Amino acid sequence: MNNLTSKKTCTGCGVCAQICPQQAITLKPDKEGFLYPSVNESLCTHCNLCIQKCPCHKTTTTDHKNHYFGAHAKEPSLRLLGSSGGIFPLLARHVLQQGGVVYGACLMEDGSIAHKGIDKVEDLEQITRTKYVQSDLSNIWEPIRSFLHEGRMVLFCGTPCQTEGLRFYLGTAYSNLLLVDLVCYGVPSPGIWQRYITFLHKKYDSRPHMFYFRDKCNQDNGHTVRIQCTDKEYTYSVYKDLFLRSFFKSINLRPS
């Protein structure tokens with residue numbers, strides 16, 4: 001199991017924990033707050049299914065040619081919903097209008113970042129905009145499989161490691177599944193993020209219930225942080241935010 005838990009390769013996608021038939025694998029945070037698989041040897045039958053499904057142990061190839069396009073949403077309202085050109089909310093709205101389900105990263109009530117599924121256009125804002133924290137996928141695997149089996153359209157947006165993890169978990173191609181990943185610089189620690197939320201709570205004497213990592217309220221192409229607390233809002237440059245500065249300098253990124 002040492003190969004399974006190597007910090008040089010493990011991306012923390014969580015496929016191993018989800019796929020284990022004996023439920024012998026759980027994800028536990030290390031001292032930096034990153035999740036890694038922990039194996040209960042008393043339950044493990046050494047079937048090696050976790051190794052077989054781990055994207056880090058696979059090299060995938062394709063005969064398809066890559067095609068590259070540059071695009072952005074024409075509607076200003078959709079571009080404001082995104083941190084870049086608004087393509088994700090545009091795709092998501094189309095899937096939702098077809099009766100589908102869309103999964104993306106959401107800032108939860110406790111301040112953590114986790115993937116969440118929505119099926120209403122009015123809930124789209126919950127899962128839009130960049131969130132520079134590795135999100136928790138633990139509650140989305142089986143619901144996605146169920147929706148796909150029902151024939152519903154499913155859109156999943158995440159980092160390349162997360163989308164690849166979902167693909168390996170499912171094990172087969174679905175015509176009603178749309179995977180959307182992003183150019184990933186690296187994923188910051190969820191543990192450091194939680195400690196930062198606690199720091200902001202003390203600083204503003206109010207727990208932030210919304211944190212926009214790259215807000216466009218100042219018409220500066222998303223170079224503003226916007227924090228919403230109970231009765232007050234704070235905005236400042238992304239380059240003045242302690243968490244984002246550590247991200248830009250690669251201080252708080254996952255080793256893999």
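**View 1. Helices H5 and H6 pack together at an angle of about 60°, with 11 Å between their axes.** This is a predicted model, in which local features need pLDDT of at least 70, side-chain atom pairs count only at pLDDT 80 or more, and totals for chains, interfaces and linings use all residues. Residues are numbered from 1 along each chain as its sequence is written, and side-chain values use heavy atoms, with hydrogens and water left out. H5 covers residues 141-150 and H6 covers residues 160-170; helices (H or I, at least four residues) and strands (E, at least two) are DSSP runs, numbered from the N terminus. Axes are lines fitted to C-alpha atoms, for helices over the stretch in contact, and angles run from 0 to 180 degrees between N-to-C directions. H5 and H6 are therefore oblique to each other (under 35 degrees is roughly parallel, over 145 roughly antiparallel, 65 to 115 roughly perpendicular, and the rest oblique).

**View 2. Here are the residues where H5 meets H6.** H5 brings Trp 141, Glu 142, Ile 144, Arg 145 and Leu 148, while H6 brings Gly 165, Leu 166, Tyr 169 and Leu 170; contact means heavy atoms within 4.5 Å. Sorted by class, that makes 6 nonpolar, 1 polar and 2 charged residues (Ala, Val, Leu, Ile, Met, Phe, Trp, Tyr, Cys and Pro count as nonpolar, Asp, Glu, Lys and Arg as charged, and the others, Gly among them, as polar).

**View 3. An open sheet has 3 strands in the order E7-E8-E9, with antiparallel pairing.** Strands E7 (210-215) and E9 (233-237) are the edges, each pairing on one side only; two strands pair if DSSP finds at least two bridges between them. On average, neighbouring strands here are turned by 15° against each other, direction ignored. Helix H7 (residues 190-204) lies across E7, E8 and E9, and runs at about 105° to E7.

**View 4. Zoom in on E8 (residues 224-228), and you'll find 4 bridges joining E7 to this strand.** Tyr 212 sits opposite Arg 226 in E8. Another 5 bridges link E8 to E9, again antiparallel, and Ile 227 has Tyr 234 in E9 as its bridge partner. E8 and E9 make a hairpin, with 4 residues between them.

**View 5. How confident is the predictor? The protein averages a pLDDT of 91.** That score is the predictor's confidence in each residue, from 0 to 100, and 97% of the residues score at least 70. Confidence is lowest in helix H3 (residues 76-81), at a mean of 78, and highest in strand E5 (residues 154-157), at 98.
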